[in-house]
Amino acid sequence: MRQINRVAVLGAGVMGATIAAHLANAGLEVLLLDIVPRELSDKETEQGLSLESPQVRNRIASDGLAGLLKMKPAPLYLKKYAGQISVGNFDDDLGQLKEYDWVIEVVIEHMPIKKDLLTRVVPNLAAGAILSTNTSGLSVNEMAEMLPAEVQSNFLVTHFFNPPRYMRLLEIVPSQYTDPEIVSGLADFISRRLGKGIVYAKDTPNFIANRIGVYSIFNGVKHMLDLEMTVEEVDSVAGPATARPGSAAFRTGDLVGIDTLVHICRNTYELLPDDECRETFQIPEFIEQMVENGLHGNKTKQGFYKKGEIDGKRQIYYYDYTSGEFKPAEKPKFPSVAAVKMVDDPAQKVKMVVNGQDKGAEFAWRSLRDTLIYTVNRVPEIADDIVNIDNGMKWGFNWEIGPFEMLDAIGVPDFVKRAQKEGVEVPECLIGVEAFYRYNEAGQQEYYDLLEKTYQLVPQKEGQINLQRLKKAQGVVEKTSNCSLVDLGDGVFGLEFHSKMNAISGDILALTHKAIKRAEEEGVGLVIGNQGANFSVGANLMMLAVALAEGAYEDIDMSVRAFQKATMAVKYAKVPVVAAPFGMALGGGCEFSLHADALNAYAETYMGLVEIGVGLLPAGGGTKEMCLRAVELANQFDTDVTPFIFKNFQQIGMAKVSMGAAELSGMGYMRHGDSISMDIDRLIADAKQKVLALATNYRPQRPAENIPAPGRGIAASIKSQLWNMKMGGFVTGYEAEMGGIIADVITGGDVLPGTPISEDYLLQLERQAFLKLCGNKKTAERVQHMLKKGKPLRN
């Protein structure tokens with residue numbers, strides 16, 4: 001397959017433009033084309049332009065590009081990446097396609113329009129270029145039939161899920177003519193460069209994720225009506241309580257668009273006359289009425305839910321399908337759902353809820369029972385194996401575990417027995433299956449092949465490090481209840497957090513020292529990373545809350561010292577230490593990362609020093625580190641340190657969190673030599689390679705001495721601004737006081753500018769400030785408030 005450096009996107013609507021944005025995120029050169037407008041806009045008429053003016057002819061594509069800069073959530077990692085996208089139109093610029101390696105058609109979901117555009121595109125393709133269509137369910141074989149043979153072999157479906165930057169799933173659907181090498185080569189490229197999770201689907205309506213996902217939603221509607229439940233009651237069950245996203249069923253409908261769901265349903269109903277559950281795809285009358293009345297979901301600001309106010313307070317309303325009116329949300333509580341609130345394991349949650357005894361549990365069982373049976377019956381219709389289906393639902397609909405993993409959670413024999421007892425027809429292939437996934441004696445994960453009726457190895461990307469499988473295969477070097485030390489091979493060890501939300505606890509701090517010692521004595525370096533939901537949301541506040549309540553300030557001081565010793569051990573190890581943050585890396589998670597020799601961050605890393613949210617300051621070396629980095633920049637450019645200190649103070653004081661790893665350099669959290677991985681599956685392996693590269697010529701650091709202190713003058717300037725903000729009502733007195741304490745630490749204390757200070761001295765200032773803030777009654781109140789909200793961690 002030819003190397004891909006330049007990609008053309010045909011269609012500049014929301015989907016086409018956001019696909020173009022993500023291609024630009026990956027560093028590719030992108031051409032974005034759309035139709036020529038048929039008439040002038042009022043603004044163009046005022047400017048004296050004509051239909052032949054280039055800016056008019058390119059207006060639709062230009063508007064699509066401009067819209068990227070305003071969209072939320074942001075489709076671009078950085079706004080400047082929009083500069084990698086050029087625009088044009090179908091009439092004037094199809095000739096440019098000869099310069100592009102991959103052409104993606106993303107026009108409206110209407111077969112005649114797609115075919116017409118493909119006919120115009122073909123004569124302009126470069127030899128060997130890949131041509132793909134982004135469709136959510138139209139037949140790839142029907143489109144391929146009208147293409148010349150030399151193009152057929154390079155043509156396939158690449159179905160991006162919306163929004164492309166954030167939704168990991170990409171469904172690849174080859175036609176009967178597609179060259180298998182093109183399929184595997186493009187899949188590898190999309191995985192590595194775009195960070196997508198690839199699922200191989202068949203040429204069936206709605207492919208994998210939409211086929212199962214939409215069935216699940218509308219089957220849920222059926223049981224909701226039968227059990228006389230509200231949409232709000234259903235969502236309380238069909239979300240995290242049963243290992244699915246917080247948007248659950250109906251909030252997902254609002255997000256996708258109720259009109260879009262209706263379109264998918266109709267498409268499925270018309271194209272699948274032999275589907276045993278075809279009637280489930282009949283649109284309920286109340287949903288038809290909603291679409292007719294303009295209740296399309298988030299895009300119309302009302303659907304199954306809408307936002308409003310009652311007595312000046314924000315209020316969520318849900319749609320009451322019995323009356324056709326909106327009613328105030330009541331936050332329904334089922335005992336079965338409440339019982340799993342503090343359970344972390346998604347499989348355990350599913351098992352507990354479906355075995356509950358209330359109406360919510362009954363809905364969970366009925367809806368999952370039908371969805372899982374429907375899914376089993378789709379093999380081999382929509383995919384040849386269960387792994388593609390499970391991944392499709394996890395990556396495309398954000399399920400925590402896939403349908404076959406849910407069957408394992410409930411217990412396949414128990415599921416079969418209960419369904420048969422209720423008179424429900426169970427697929428023959430389920431009978432006798434003990435589990436769909438297992439680990440063999442060599443520690444390798446296997447899945448049950450429904451067609452061959454044997455177990456096969458779960459595929460793993462070349463070079464990928466899967467910590468769970470690695471631990472199954474070879475065990476761990478050392479382990480506590482909250483963390484493990486794993487041998488990653490080639491002399492590189494891995495320190496893995498696996499506490500609740502990967503909160504940093506005392507045993508993690510202790511094992512950090514052991515991990516570093518082991519790497520120094522037996523290896524070449526250490527990776528700090530894990531494969532949980534987030535890297536780390538910080539230090540657990542529960543112990544702090546207890547200590548504050550008891551006035552145990554000596555214990556707090558000891559805890560802070562232990563945290564500082566751990567991060568300093570990371571920074572001054574005799575071997576390279578690389579942190580591999582992803583997802584949320586907040587508070588203490590951020591501080592661990594800042595002290596590593598290098599970062600290898602996942603593209604979607606949301607990092608920040610957020611301790612001020614609970615009335616504290618970063619005291620695990622975070623405030624100290626931002627002081628040092630400001631001084632380093634000032635020395636590097638031989639300039640005043642003030643602007644760097646102000647910037648770092650603002651980030652701490654405003655609890656700023658990056659909206660992606662690309663922002664970390666601008667925040668001073670990533671430095672020259674740090675890296676970003678687009679594919680989260682390769683994150684640990686990429687970090688390991690960075691350790692090996694650093695180990696070749698590694699020179700350990702020594703604790704910093706003779707640092708020229710920024711000084712009390714800068715602290716005074718910061719405090720002056722805080723006073724003005726307090727007088728203007730922008731901050732409270734308490735917030736101004738917190739800001740002043742942070743200012744004193746980040747500027748090096750009550751000393752003159754340029755006074756030589758040490759890193760250890762800055763750590764002392766951190767500890768003293770942390771204890772001072774702990775002594776404030778309002779800090780204790782904030783900590784308790786966070787705990788009551790069910791957020792026991794820094795965030």
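By class, the lining of the second largest pocket holds 16 nonpolar, seven polar and four charged residues. Here Ala, Val, Leu, Ile, Met, Phe, Trp, Tyr, Cys and Pro count as nonpolar, Asp, Glu, Lys and Arg as charged, and the others, Gly among them, as polar. A pocket is an open set of points, on a 1 Å grid over the protein atoms alone, with protein on both sides within 12 Å along at least five of seven lines, and lining residues have an atom within 4 Å of a point. The structure is a predicted model, in which local features need pLDDT of at least 70, side-chain atom pairs count only at pLDDT 80 or more, and totals for chains, interfaces and linings use all residues. Residues are numbered from 1 along each chain as its sequence is written, and side-chain values use heavy atoms, with hydrogens and water left out.

The volume of the second largest pocket is about 620 Å³; a volume is the space filled by probe spheres set on the grid points, which are joined across faces, edges and corners. In total, 27 residues line this pocket, and I504, N540, M543, L544 and S559 lie nearest its centre. At least two lining residues come from each of α22 (506-522), α23 (542-550) and α24 (553-571). Of these, α24 gives the most, with six residues. Helices (H or I, at least four residues) and strands (E, at least two) are DSSP runs, numbered from the N terminus.

A cavity is a set of grid points where a 1.4 Å probe fits but cannot get out, and a search of the whole structure finds two cavities of 30 Å³ or more. The largest cavity has a volume of about 170 Å³. Its lining is made up of 16 residues, with S216, I217, R244, A248 and A249 nearest the centre. Both α10 (209-227) and α17 (359-376) supply at least two of the lining residues, and the largest share, five residues, comes from α10. Sorted by class, this lining has 10 nonpolar, five polar and one charged residues.

The second largest cavity holds about 40 Å³ of space. Around this cavity stand L467, V486, L488, G494, L495, E496, V527, G529 and I684. Two or more of these residues come from each of β16 (483-489) and β17 (492-497), and β17 gives the most, with three. The lining of the second largest cavity divides into six nonpolar, two polar and one charged residues.
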